[in-house]
Amino acid sequence: MTTQTRSASSRKAPATSKALQQKILHHLHTTQGTYPEKASALAWWEATAAAINEFVMAGLTDTQKTHSRYDTRAVNYLSMEFLMGRLLSNNLHNLHLFETTDKALAALGQNLTDILEQEPDMALGNGGLGRLAACFLDSLATLNYPAVGYGIHYEHGLFEQHFRNGRQIERPDDWREYGNPWEVCRPESVQQIKLYGYVETVYEDGRARKVWHPGRNIKAVPWDIPVVGYNGANVNILRLWESRATDFFDWDVFNAGGYVDAQIEQAEAEAISKVLYPNDETEAGKELRLIQQYFFSAASLADIVRRYQRAHGDDWTQFPKLVAIQLNDTHPAVAIPELMRILIDDKDMDWNHAWQLCHQVFSYTNHTLLPEALEKWDLHLFEKVLPRHLELIYEINHHFLTEEVEQKWPGDDGVKSRLSIIEEGARRMVRMGHLSVIGSHRVNGVAEVHSELVKSDLFPDFHALWPHKLTNVTNGITPRRWLKACNPRLAELIDRHASKDWPVRLDKLQKLTDLADDARFQNAFMKIKHENKEELADVIKALTGIEVDPGAIFDIQIKRLHEYKRQHLNLLHILALYRRLLENPDHDMVPRVFIFGAKAAPGYRLAKDIIFAINKVADRINNDERVGGKLKVVMLPNYRVSLAEKMIPAADVSEQISTAGKEASGTGNMKLALNGALTIGTLDGANIEIAEEAGEDNVFIFGLTVDEVKALNSRGYNPYDYYLNDAELKAVVDWLDTDYFTPGQPGALSSIKHSLLDGGDPFLVLADFRSYAEAQLKVDARYRDRKAWARSAIINTATMGKFNSDRSIQDYVDRIWKLKPYPRDNA
Ligand code: GLS
């Protein structure tokens, strides 16, 4: 990506390029111990990061002083995942140091764009949920809200994806292998975490007390990553916990010759923060996963309580005034009984007082309706790992059922069993969703339609009980990373035609709608899109060897691979186009490149088969001269944040084709539309709100609605009804059963056909196929009318203001967190 076109900053850089040059050289010498003629690209990156860190750390210190001086109320955002991506480019943009650094490095004979490529992605998340957490941290800092992100310092983030003969191969991701210049270890804030063991009841002064005798102690070591707000705003922290053994190394065993045994405890303890579970929206169901959840929740709570008590001692009256805790999904739900344990067992508080505090501080975000993603823990497992917490959960449940539920529905056992935290059955389970709703004062979904479904389908009884508890906060994305930094040409065009403060006031892009019909603006807008496509074409060539024509429509589907997201619907349509071209080489269509990026959970067979199918179909089509260059298919390996930053600015079409009612929100849909892609999508998640903002004329909506999906399912869906009545659909589904795409291996792609027919097609791919194919014809027709396309693309960019994550954060602040902004002193 060229750097000369970076948009002019609206605020002055805090250093000249000369001064920065000196700093970089200084760090090259003194922290890297090398010199320009010898330094590797990695050393230049480290030295540049160290130079920039001087500004970051100064901002962090000022922010922390300000927070402590005003004793600020803060939100503590507990999340198992933070998908931060790379930090250097983002920090440079947020500090208005991008151009200065570019110049400084150029004067040193270095290229900033190449240096930025040295940074490994911080991939401590799976997909949307983790990236949302990262966008929220950016917005919280930008808006000067006191906030701490709490998560896990995974040694290995999301696996690296490679393809071997078209199949996904996973390799560990070693993002910190050579250190991480952004993080600071804080040994002074280490916490001890207890696990296993048993609970004893002791009687003191006629009172029963519970004493937990843990079977294991683990050390939680915090690493702080500064989060730099835009425009020199606050610098907050993301605190990530790493697990270590309490007794690091058993000298006695070692000396007695047990070299390996001496390290067992260490290995077991370190396993907790070793890997991120690579499941998106599926429950891992593993003891280790439960321990991970408790480990980081308990460490974070201990830290929150420690910070509070440092200022307020045993005066708990201020606690709910100063502390808000957001549970990002149910993963940290065990924080609720943990806070009860701290207050009751450690601080000697009575139940009602403790529960009152608890309930005031917690709130919970639901991110999915998929049943397999709604966490439930086997009660016996829970009891083994967290015996005291299970007792506390029983007690929370007892109070809830006998006081609240009984009062509302006297004598109704049916409602009690539906609402109980404990699910009865052959295997008794602890329902983490119920615990989260009961322990929180607010619960939110992540897009309008999703929040309505949370009320009506997921938690209807809770909604009847507490009509004001459930609310909506539509997701958002940070325009700093997802437009200003990743699409500098478009950012600069916007700087010139809308107001310069659009990176913080994204609603101001609306002004561009006035230019949607202006031929010169259209040309400028489409020229940028074309240049971005040329750059992506280079990336595609470099990563896959495939040559694509930037004049073709770039049609992009990037997201985790999951049946509900329906990459296979996209694939069936590609097969239909291929077939049309084979039947009639003159078939008239605008050349199209279908580009995918997706990782599949390693244990999700069908998802991996779909990746294989896409790769095999791509091989065949890309090497078939008969299609005359009208159709190409590309699956880019190792989709991640930094690759998304290259793909999104180059997209013409954004594929958002989930089964209605399944995608809670989506955020890739927002990023692509903001960068001028036209959505082809179902009325699902935030697509609905995108269509409202952009206008139905500027998106291509198809398929069954949420209500139609429900109606079809309750009538009894039979995929054969569609398969047998649509010759083209039947032909492409059957094609998957031949060896056309896998020569010599008939049946290699049959699992997809099987899932669509005998497997019952749970995500209604066949039901939506025809309407999808028709919508794709409209895409083709619109693209032929260059002016109409440009107009729609501009309107998409212009109308995405609502999806600024600053707006989401402001909604959280107004409806849930009630924070006040505190710009740092000395800013
Ligand atoms: C997810 C949803 O699937 C997405 O629709 C949503 O945009 C995201 C953030 O709210 O959360 N839930 C989940 O478990 N993973 C997600 O990406």
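Helices and strands in this tour are DSSP runs counted from the N terminus, a helix having at least four residues and a strand at least two. The model you have open is a predicted one.

**Stop 1: Arg 566**

Select Arg 566 and look at its backbone. Its phi is positive, about 65 degrees, although Arg 566 is not a glycine. Is Arg 566 buried or exposed? Arg 566 counts as buried because it has 27 C-beta neighbours inside 10 Å, and the cut-off for a buried residue is 20 or more.

**Stop 2: Asn 144**

Now go to Asn 144, in the loop between helix 6 (128–142) and strand 4 (147–152). Here too the residue is not glycine, and phi is positive, near 65 degrees. Asn 144 is buried, since 21 other C-beta atoms lie within 10 Å.

**Stop 3: the domains**

Zoom out and colour the protein by domain. Domain 1 covers 1–70 + 90–120, domain 2 covers 71–86 + 121–475 + 811–817, and domain 3 covers 492–803. How many Å separate the centres of domain 1 and domain 3? Taken over C-alpha atoms, the separation is 37 Å.

**Stop 4: around the ligand**

Select the ligand next, together with the residues around it. There are 17 of them, and Gly 128, Leu 129, His 367, Ala 664 and Ser 665 come nearest. Both domain 2 (71–86 + 121–475 + 811–817) and domain 3 (492–803) contribute at least three residues to this shell. Colour the shell by residue type and you will find five nonpolar, nine polar and three charged residues.

**Stop 5: Lys 671**

Pick Lys 671, which lies in helix 25 (residues 668–674). In an unreviewed UniProt entry, Lys 671 carries the annotation "modified residue: N6-(pyridoxal phosphate)lysine". Lys 671 counts as buried because it has 30 C-beta neighbours inside 10 Å. Which residues does Lys 671 touch, once those up to four places away in sequence are set aside? They are Ile 477, Trp 482 and Ile 648.

**Stop 6: the largest nonpolar core**

Turn to the largest nonpolar core, a group of 241 residues. Phe 295, Ile 614, Val 617 and Val 634 have the most contacts inside this core. Centre on Phe 295 and show what it touches beyond four places in sequence: Ile 193, Ile 218, Ala 220, Trp 241, Ser 243 and Ile 272.

**Stop 7: Ser 273**

Trp 241 and Ser 243 come back at this stop. Select Ser 273, in the loop between helix 8 (264–270) and helix 9 (287–312). Ser 273 is buried, because 25 other C-beta atoms sit within 10 Å. Beyond four places in sequence, its contacts are Ile 152, His 153, Tyr 154, Glu 155, Trp 241, Glu 242 and Ser 243. Draw a C-alpha to C-alpha distance from Ser 273 to Trp 241: the two are 32 residues apart in sequence and 7.7 Å apart in space.

**Stop 8: Leu 636**

Move to strand 22 (residues 631–636), where you will find Leu 636. With 23 C-beta neighbours inside 10 Å, Leu 636 counts as buried. Leaving out residues up to four places away, Leu 636 touches Ile 540, Leu 543, Thr 544, Ile 595, Gly 597 and Leu 643. Val 539 is 97 residues from Leu 636 along the chain, yet their C-alpha atoms are separated by 9.3 Å.

**Stop 9: helix 17**

Show helix 17 (residues 448–458) and pick out its buried residues: Val 449, His 450, Ser 451, Val 454, Lys 455 and Leu 458. What covers them? The cover includes strand 18 (442–445), helix 18 (460–465), strand 19 (470–472), helix 26 (687–694) and helix 27 (706–715).

**Stop 10: two partly exposed residues**

Ala 50 lies in helix 2 (residues 41–70) and is partly exposed, with 19 other C-beta atoms within 10 Å. Ala 50 is in contact with His 27, Thr 31 and Pro 181, leaving aside neighbours within four places in sequence. Pro 181 is 131 residues from Ala 50 in sequence, but 6.7 Å away, C-alpha to C-alpha.

Pro 214 sits in the loop between strand 10 (207–213) and strand 11 (216–228). With 17 other C-beta atoms within 10 Å, Pro 214 is partly exposed. Pro 214 touches Lys 194, Leu 195, Tyr 196 and Gly 197, not counting residues up to four places away.

Note on methods
Residues numbered from 1 in each chain as written. Predicted model: local features only at pLDDT ≥ 70, side-chain atom pairs only at ≥ 80, totals over all residues. Core = buried A, V, L, I, M, F, W, Y, C linked by C-beta atoms within 7 Å. Buried ≥ 20, exposed ≤ 12 C-beta atoms within 10 Å, placed from the backbone. Contact = placed C-beta atoms within 7 Å. UniProt positions renumbered as here; feature names shortened; annotations may be inferred. Near = placed C-beta within 6 Å. Nonpolar A, V, L, I, M, F, W, Y, C, P; charged D, E, K, R; others polar. Domains from an automatic or database assignment.
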